[in-house]
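Please keep the structure at hand while reading.

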Amino acid sequence: MAQKLILRICYLYPDLMDTYGDIGNIIALKKRCATRNIKVEIVNKSLNDKIEKDKFDLFFFGGGQDKIQILVGKDLQKKRENLINSIEKGAVLLSICGGYQLLQKYFRTVSGETIKGIGLFDAHTEGSDERMIQNLWIDLSKNIKDEIKEIYPTVDKKQLTTDLIGFENHSGKTYLGKNLKPLGTVIKGAGNNGEDKTEGIRYKNAFGCYLHGALLPKNPHFADYLIAKALERRYGQIKLEPLDDSIEWQAHKAAIKRT
Amino acid sequence: MDLRFTIALIVGKLTAFLLILKGSGATAAPGLYALNIDPDFVKKFSQRVHFGSIIVSGTNGKTTTSRLIYNLLSEKYKIIHNRQGSNLLRGLASTFINNSSILGKLDANIALWEVDEAVLPEIVTSTNPKTVVLLNLFRDQLDRYGEVDSIRKSWQKWLIKIPRSTNIILNEDDPGIKSLEKYAKGKSITFGIQDKEIKLPKTINVSDIKRCPNCGSNLEFSAVFSAHIGHYYCNYCSFRRKIPNVSASGLVFKRGFKTSLTININKKKSKLNLNLPGLYNVYNLLAASTVFLTEKIDSSKLIRSLQKFSSAFGRYQSFEINGKKIIIFLIKNPAGANEVLRTISLEDNLNILAILNDKIADGTDVSWIWDTNWEIIASKIKSVSVSGTRSWDLANRLKYAGVNLSNKNVYKQNNYPIGHIIKNMGTKDTLLILPTYTALLETQKNLSKLSSQEKWHKN
């Protein structure tokens with residue numbers, strides 16, 4: 001048997017940024033790897049913890065309550081250098097809602113306060129009085145689509161779609177810098193700002209979005225895409241074993257039907 | 001005579017009458033129409049209630065606590081109560097309409113209101129409260145209520161305005177609720193659990209209070225019972241849990257959905273054996289007992305009444321169909337659902353039907369099932385089926401929790417397989433139904449079709 005693969009996950013602020021069921025993403029990554037006999041190591045990093053250089057293949061950063069976000073934002077500045085460094089070297093990152101916002105340049109609240117981000121993403125968020133709360137359905141950007149078609153090992157090609165379905169709940173409106181591509185285009189819902197039809201962001205292998213739900217359990221193609229990308233760094237191109245994702249796709253379709 | 005009020009009442013009465021003719025159970029509609037005509041309808045009616053109101057609010061436990069209070073106080077007062085659980089302003093208006101004469105005369109001298117946490121500020125100012133009970137605040141339907149912090153902030157505002165004569169009953173073990181004490185002008189009385197640990201399996205922690213609500217520093221816990229409920233203290237300011245006025249200790253959770261404990265009221269201890277399961281019901285019982293304490297009634301009555309109490313509609317309700325036992329546990333948010341799962345994990349060979357809907361009253365966001373610790377029952381399951389508008393999301397959640405679920409046991413909306421499941425169950429088996437709120441109402445209809453004891457749910 002070939003060497004046993006290990007996926008090293010860094011779970012950012014799991015004790016503080018845990019409000020919207022985003023832990024489902026970690027559960028999905030863990031299970032999809034375990035089923036394939038890929039070993040998963042998860043290290044939690046919260047306030048005052050140091051992120052080691054070059055240690056992690058995949059970072060996850062979820063959403064939290066507004067007040068907590070200020071506290072986390074401050075602490076994140078101390079982790080900035082090693083986190084950005086890891087992304088520059090190809091590590092994968094998935095950030096959602098509050099996590100996504102803190103990785104941008106800044107967040108300006110409705111009352112005019114500015115919360116500094118770490119500027120991994122060339123983007124910023126403006127607070128608004130309108131809360132965008134609904135199912136969010138997007139079509140992935142073309143380059144991601146093409147990669148997913150290569151990577152996702154489906155048994156049944158008919159099952160594969162190149163959209164994502166989740167649930168958004170935010171009042172911040174995110175605007176992307178000129179050189180960055182969104183994660184996808186909104187089919188239904190608000191997305192980044194409810195104005196320009198973009199949703200999320202991609203920079204190298206770092207992704208940000210407003211998709212709770214939890215996202216990865218019912219978007220198994222995207223889950224596998226992140227796993228393969230994260231392993232690639234250490235092990236070169238990996239062919240993932242196909243799994244029976246029939247329940248996952250049913251959940252995906254049922255959620256779209258309710259959108 | 002107040003013409004606007006009178007017209008509102010007549011329109012409300014007519015609506016209620018028409019609804020009865022139609023056989024519809026829409027309990028909020030008469031109140032809604034009356035409030036459209038007279039926005040002060042509830043306020044005006046409340047002035048006719050001699051002793052004012054007792055208000056119960058919080059994320060979890062409102063219905064059960066209110067029913068306990070009703071039982072405890074029904075000898076002392078004539079109570080008007082929104083028992084059907086319609087807990088917005090319109091639900092209160094409907095309750096007044098249904099319990100008054102056409103002239104607006106009420107056969108009650110106190111009102112008991114179970115109130116939705118989002119509309120609590122509005123209702124407190126309209127109903128002349130004698131006592132307000134604040135049970136807990138957890139993340140719940142984030143799509144509708146927003147975050148826990150924002151609800152608590154809205155509560156602070158009305159607490160400052162409340163008269164000194166009002167009793168404020170607080171859960172000492174919920175730091176978010178306890179932090180409201182300093183805003184309360186009235187007399188605050190607290191309840192809590194004195195044990196150092198809870199002998200139930202551990203679940204994922206879904207704490208919504210991470211920092212000291214008083215100073216923002218790290219909040220430490222010497223005991224965690226559930227989510228952020230427990231014994232807490234802040235190292236930087238004086239904020240900490242104190243010994244509550246009414247407390248429970250020596251909690252034992254037993255198989256067969258029973259609980260025993262010692263209740264301590266004003267330093268007087270009594271042992272209780274209850275036909276109620278779960279930690280959450282202990283808190284409900286403590287809250288109701290604290291209300292009782294403020295009423296200065298002989299405490300032997302309290303103990304007798306608590307022993308008898310078994311359940312509130314759908315919160316933990318058991319009944320029989322064709323000789324098979326069925327128990328319903330409402331699930332609606334992670335803190336509540338985790339407590340239910342801990343409670344049922346004490347049993348073996350579970351037969352489960354879980355129903356997940358995403359209608360407005362359930363919350364349209366089903367993310368919360370991922371904050372819910374289905375893993376702890378995985379090894380206890382004998383058979384499992386899922387249903388509801390988001391049955392596949394739930395099926396997926398169970399799959400990732402390590403539960404063996406066949407695709408054949410995932411049912412579509414409104415096609416609940418209760419009859420089918422109980423047919424295949426052994427005579428000694430029990431079916432546990434875990435529905436979300438609107439699914440509970442649908443389950444109720446399905447069960448009354450199946451059951452010869454029609455109207456069992458009318459209670």
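## A salt bridge within one helix

In this predicted model, D146(A) and K142(A) form a salt bridge in which the closest N and O atoms are 2.8 Å apart. Both residues belong to helix α4 of chain A, which covers residues 142-151, and because they are four residues apart they are separated by about one helical turn.

## Salt bridges between buried residues

In chain B, R139(B) forms a salt bridge with D371(B), and here the closest N and O atoms are 2.9 Å apart. R139(B) lies in the loop between β4 (129-134) and α7 (142-145) of chain B, while D371(B) lies in the loop between β14 (350-355) and β15 (381-387) of that chain, so the pair ties together parts that are 232 residues apart in sequence. R139(B) has a relative accessible area of 3% and is buried, and D371(B), at 4%, is buried as well.

The side chains of D393(B) and R390(B) also meet in a salt bridge, with a distance of 2.9 Å from N to O. D393(B) is buried, with a relative accessible area of 2%, and R390(B) is likewise buried, with a value of 2%. Elsewhere, salt bridges that share partners join R32(A), R36(A), D224(A), D245(A), E248(A) and K399(B) into one network. Over all chains, the count comes to 48 salt bridges.

## The annotated position D365(B)

An unreviewed UniProt entry places the feature "active site" at D365(B). In the model, D365(B) lies in the loop between β14 and β15 of chain B, and D365(B) is buried, with a relative accessible area of 7%. Which residues is D365(B) in contact with, leaving aside its neighbours within four places in sequence? The contacts of D365(B) are with F167(A) and D143(B).

## Aromatic pairs around Y100(A)

A search of the whole structure finds 19 aromatic pairs over all chains. The rings of Y100(A) and F121(A) have their centres 6.1 Å apart and their planes at 75°, so this pair is edge-to-face. Y100(A) lies in helix α3 (residues 98-102) of chain A and F121(A) in the loop between β6 (114-116) and β7 (123-126) of chain A, so the pair ties together parts that are 21 residues apart in sequence. Y100(A) and F121(A) are both buried.

Y100(A) also forms an edge-to-face aromatic pair with Y210(A), with 5.2 Å from centre to centre and 70° between the planes. This pair links distant parts of the chain, since Y100(A) is in helix α3 of chain A and Y210(A) is in the loop between β14 (206-209) and α5 (220-235) of chain A, 110 residues apart. The relative accessible area of Y100(A) is 0%, and the residue is buried; Y210(A), at 0% relative accessibility, counts as buried too.

## An aromatic cluster and charges over rings

In chain B, one aromatic cluster is formed by F5(B), F41(B), F45(B), F96(B) and W113(B). The ring of F45(B) has the charged end of R48(B) sitting over it, 5.8 Å from the ring's centre. In another arrangement of this kind, R83(B) lies over the face of Y70(B), at 5.4 Å from the ring centre.

Definitions and conventions. Residues are numbered from 1 along each chain as its sequence is written. Chains are lettered from A and ligands numbered from 1 in the order in which they are written. This is a predicted model: local features need pLDDT of at least 70, side-chain atom pairs count only at pLDDT 80 or more; totals for chains, interfaces and linings use all residues. Side-chain values use heavy atoms; hydrogens and water are left out. A salt bridge is a side-chain nitrogen of Lys or Arg within 4 Å of a carboxyl oxygen of Asp or Glu. Helices (H or I, at least four residues) and strands (E, at least two) are DSSP runs, numbered from the N terminus. Buried means under 20% relative accessible area, exposed over 50%, partly exposed in between (1.4 Å probe, protein chains only). UniProt positions are given in the numbering used here, feature names are shortened, and annotations may be inferred rather than shown by experiment. Contact means heavy atoms within 4.5 Å. Rings of Phe, Tyr and Trp (its six-membered ring) pair if their centres lie within 6.5 Å; planes under 30 degrees apart count as stacked, over 60 as edge-to-face and the rest as tilted. A charge sits over a ring if NZ of Lys or CZ of Arg is within 6 Å of the ring centre and within 35 degrees of the ring normal.
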